[in-house]
Amino acid sequence: MSENIKMKVQNISKIFGPKPKSIIPMVQEGKEKDQILAETGHTVGVYNASMDIKQGEIFVIMGLSGSGKSTLIRCLNLLNKPTDGGIYVDGENVVEYNNAQLKKYRQNKIAMVFQHFGLFSHRTILGNVEYGLEIREVPKSERREIAMKNIEIVGLKGYENKYPDELSGGMQQRVGLARALANDPDILLMDEPFSALDPLIRREMQLELLDIQERLQKTIVFITHDVNEAFKIGDRVAVMKDGKVEQIGTPETILEHPANDYIEDFIADIDRSKVLQAEHIMIQPNALVSLKDGLKVAVKEMKDNGISSVFVVDRQRHLQGIVTIDDAIEGIRDKKSLEDVLITDVNTVKRDEYVNDLIPKALDSKFPLAVVSDDHRVEGFILRVHVLSGLIGDESEQEEPVQAGV
């Protein structure tokens with residue numbers, strides 16, 4: 001197993017019924033779920049699903065009701081014992097675990113957050129979060145310290161002595177997340193955790209999860225039927241239909257290269273502006289001028305590249321500003337320096353900003369948007385036309401070479 005693959009799901013099938021293994025040949029022959037159910041009384045939950053889940057990624061399994069996604073995630077912690085196939089975690093096939101090994105696996109390596117919270121109404125928030133540690137017989141002072149740390153991680157510090165019915169739905173889901181995190185699992189399973197929440201709270205929880213993941217870098221398997229949610233939070237996404245995996249890829253790969261008509265229909269209503277980020281539509285800076293170069297070099301650079309403005313950087317490629325062709329020519333005539341005509345009021349964005357958030361910046365700017373790193377190094381540029389092409393997915397427009405500052 002590759003060292004960055006945390007979990008390898010290999011040809012997993014789950015058939016419900018009295019003689020599940022006898023049904024595998026029927027599925028192999030291409031018989032549909034409904035036909036198998038009518039003829040045998042067996043239900044095909046998942047068939048021949050394979051996927052490699054990487055260390056530290058949010059891997060989303062997406063599909064409509066009945067697609068097999070929830071059945072599959074319950075196979076990963078053996079709540080559903082697979083009919084066929086293997087699940088390898090750190091190189092060990094957990095499907096072959098005995099009861100003692102399985103108990104240890106569930107206590108130490110994997111945890112689950114459910115859709116409907118599953119909190120104990122008679123326990124305080126602190127009592128709920130420390131429950132798993134209590135079962136593992138962690139000393140009281142230690143488990144309280146761990147529980148309080150995770151309550152703070154999910155933003156509920158100050159609520160530890162409250163009871164679940166005193167909290168909103170979003171806050172209750174945070175408790176469920178804190179309880180799962182308290183055991184410090186390598187892998188976190190989340191089965192449609194936000195689907196019961198109001199839209200506004202749901203968006204807040206999605207952002208909260210991304211923030212927590214940025215800090216903790218857990219391996220997360222997330223189930224959803226919402227394509228916008230899947231593409232917002234997923235590093236990679238697996239789309240399921242009728243128990244089978246139809247396509248696996250990054251959100252942008254699935255958007256740009258749907259594997260079949262089903263995927264194409266599935267993503268038809270996706271809001272591209274909330275999926276694509278600045279790094280997906282930016283163009284590498286093909287024309288840059290250093291502060292030491294002067295105005296004549298700036299003019300030559302703009303003429304050679306057929307552009308009317310150019311970004312100016314220092315020796316470390318940190319953005320200093322932008323200079324236009326008109327200002328540069330006028331500056332040469334008036335014997336001014338590049339710094340004298342430099343425009344420093346440039347709109348900058350980060351690689352991971354969503355296209356939806358770039359729209360007001362693009363409309364408000366006379367110049368290209370500069371994509372910069374945390375230390376303000378120039379990584380690319382974005383024109384207004386790039387933002388529009390990202391919204392409508394016009395490949396012909398995206399492929400057209402456009403120079404910075406046109």
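Leaving aside residues up to four places away in sequence, L188 touches A111, V113, L177, A180, L181, T219, I220 and V221, with contact taken as heavy atoms within 4.5 Å. The model is a predicted one, so local features need pLDDT of at least 70 and side-chain atom pairs pLDDT 80 or more, while totals for chains, interfaces and linings use all residues. Residues are numbered from 1 along each chain as its sequence is written, and side-chain values rest on heavy atoms, without hydrogens or water.

L188 also turns up in the largest nonpolar core, a set of 59 residues in which M62, L188, M190, F222, F231 and I382 touch the most other members. A core here is a set of buried Ala, Val, Leu, Ile, Met, Phe, Trp, Tyr and Cys residues joined through side-chain atoms within 4.5 Å, buried being under 20% relative accessible area with a 1.4 Å probe, protein chains only. Helix 8 (residues 169-182) is the biggest giver, at seven residues; helices are DSSP runs of H or I, at least four residues, and strands are runs of E, at least two, numbered from the N terminus. A separate second core has 29 residues, among them F59, I87, V95 and L102.

As for strands, three make up an open, mixed sheet in the order 14-15-16, pairing being at least two DSSP bridges between two strands. Strand 14 (348-349) and strand 16 (378-382) are the edges. Strand 15 (residues 369-372) runs antiparallel to strand 16, joined by four bridges, and V372 has V378 as its bridge partner.

Conventions
Buried < 20%, exposed > 50% of the residue type's maximum accessible area, 1.4 Å probe, protein only.
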